[in-house]
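Here is a short briefing to read alongside the sequence and the model. Take a moment to turn the structure around, then work through the points below.

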Amino acid sequence: MTFRELPSGGDLVISDIPEGLAEMLRQAPRINENSGPEAEARLFPSPGSEDPTLIDDWKAHVQPGIYDLFLDARNTVLADLGAMKETGDSFELVIPRRRIPAWLNVLNQARLSLAAIHNFSEKDMSRRNFRTIENSRDLARFQIDFFAAIQEWMLEVLDGEPGGE
Amino acid sequence: MMAVETKDLPSVETGEETELDKPWNVVVHNDPVNLMSYVTHVFRTVFGFSKEKARRHMLEVHHKGRSVVWSGTREKAEFYVEQLHGYLLLATLEKS
């Protein structure tokens, strides 16, 4: 895969995407659809107060706005993915610079949902360099790292320098 | 003219600091999924922190499990927690 930033306007282009990874990208905006209570709880956490009035108000008045924000981001990413071009035996994806925040948000939704669905611990998340994908947990762990690599690149572009820690 | 009866109001003991005076803290909690660079980016975007300050709070979250990133009125604290939830960070508000 090749990552580059276009000189005019700073749009992002990912080229030479193998079919399998292109399919993973297509799945990203849909991962948290019907993903269950674990993912729901992680995407819409409590504000933390013990005040039941605040928690009820939060659910009634704040979380619907956050839900809409996530939905808008997913629709933005779906539109970009719909325009992904097949180039021979691989794919090319163009991400307009102004849409980077939506991409960061959707990739985070997907990563957090996968981690919640598979109940990944801190130890699971620190696992590196696994060579084989033997089950759905391995696949989810790979997807989380794949989406993280794209996020890191986008953050480098936005912040103007390497963003990794 | 109507006569008006006046009464002395009962006196109320007040401490130097009441519950209403206490600021509310916005607390960000560690999670194993969000990238350190992403958390730093969100702190800079939401609070306008310098890169150094954002990184300092991110590292505090990472090493200590939590960081108080803002203190002030309850209304504004709720606004910031809402913003942070929109970026998918684990954030809560609590009275200091």
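In chain B of this predicted model, 68% of the contacts with a separation of 6 or more join residues 24 or more positions apart. For chain A, the share of such contacts that link residues 24 or more positions apart is 62%.

**Chain B**

- Chain B is built from three helices and three strands.
- Chain B has 96 residues, and 40% of them are buried.
- Its accessible surface amounts to about 6100 Å², and carbon and sulfur atoms account for 52% of that surface.

**Chain A**

- Chain A holds six helices and four strands.
- Starting at the N terminus, the order of elements in chain A is β-β-α-α-α-β-β-α-α-α.
- Along its principal axes, the C-alpha atoms of chain A occupy a box of roughly 55 × 40 × 30 Å.
- Of the 165 residues in chain A, 46% are buried.

**Where the two chains meet**

- Chain A brings 33 residues to the contact, and chain B brings 28 residues.
- Together the chains bury an area of about 2500 Å², and 61% of this area comes from carbon and sulfur atoms.
- Eight residue pairs are in polar contact across the interface of chain A and chain B, counting pairs with both residues at pLDDT 80 or more.
- On the side of chain A that touches chain B, at least two residues each come from helix 2 (37-43), helix 3 (52-82), helix 4 (100-117), helix 5 (122-125) and helix 6 (136-159).
- Helix 4 of chain A gives the largest share of that side, with seven residues.
- By residue type, the side of chain A that touches chain B has 16 nonpolar, nine polar and eight charged residues.
- There is one salt bridge between chain A and chain B.
- That salt bridge pairs A:Arg42 with B:Asp31, and their closest N and O atoms are 3.1 Å apart.

- You will find A:Asn108 in helix 4 of chain A.
- Is A:Asn108 buried or exposed? A:Asn108 is buried, because its relative accessible area is 0% and the cut-off for buried is under 20%.
- Leaving aside residues up to four places away in sequence, A:Asn108 touches A:Gln151 in its own chain and B:Asn34, B:Tyr38, B:Tyr87 and B:Leu88 in chain B.

**Salt bridges**

- Over all chains, the count is 11 salt bridges.
- A:Lys85 and A:Glu92 form one of them, at 3.8 Å from N to O.
- A:Glu92 is buried at 18% relative accessibility, whereas A:Lys85 is partly exposed at 46%.
- A:Lys85 and A:Glu92 also belong to a network of salt bridges that includes A:Arg4.
- Another salt bridge joins the side chains of A:Asp124 and A:Arg137, with an N to O distance of 3.2 Å.
- A:Asp124 sits in helix 5 of chain A and A:Arg137 in helix 6 of chain A, so this pair ties together parts that are 13 residues apart in sequence.
- Both partners are partly exposed: A:Asp124 has a relative accessible area of 24%, and A:Arg137 has a relative accessibility of 33%.
- A:Arg141 and A:Asp145 make a further salt bridge, at 2.7 Å from N to O.
- Where do A:Arg141 and A:Asp145 lie? Both are in helix 6 of chain A, four residues apart, which is about one turn of the helix.
- A:Arg141 is buried, with a relative accessible area of 1%, while A:Asp145 is partly exposed at 27%.

Key: Residues numbered from 1 in each chain as written. Chains lettered and ligands numbered in written order. Predicted model: local features only at pLDDT ≥ 70, side-chain atom pairs only at ≥ 80, totals over all residues. Heavy atoms only, no water. Contact = heavy atoms within 4.5 Å. Buried area = accessible area lost by both parts, 1.4 Å probe. Salt bridge = Lys/Arg side-chain N within 4 Å of Asp/Glu carboxyl O. Polar contact = N/O pair within 3.5 Å; in protein donor to acceptor, adjacent residues only side chain to side chain. Nonpolar A, V, L, I, M, F, W, Y, C, P; charged D, E, K, R; others polar. Buried < 20%, exposed > 50% of the residue type's maximum accessible area, 1.4 Å probe, protein only. Areas by Shrake-Rupley, 256 points an atom, 1.4 Å probe, with all protein chains shown as cover.
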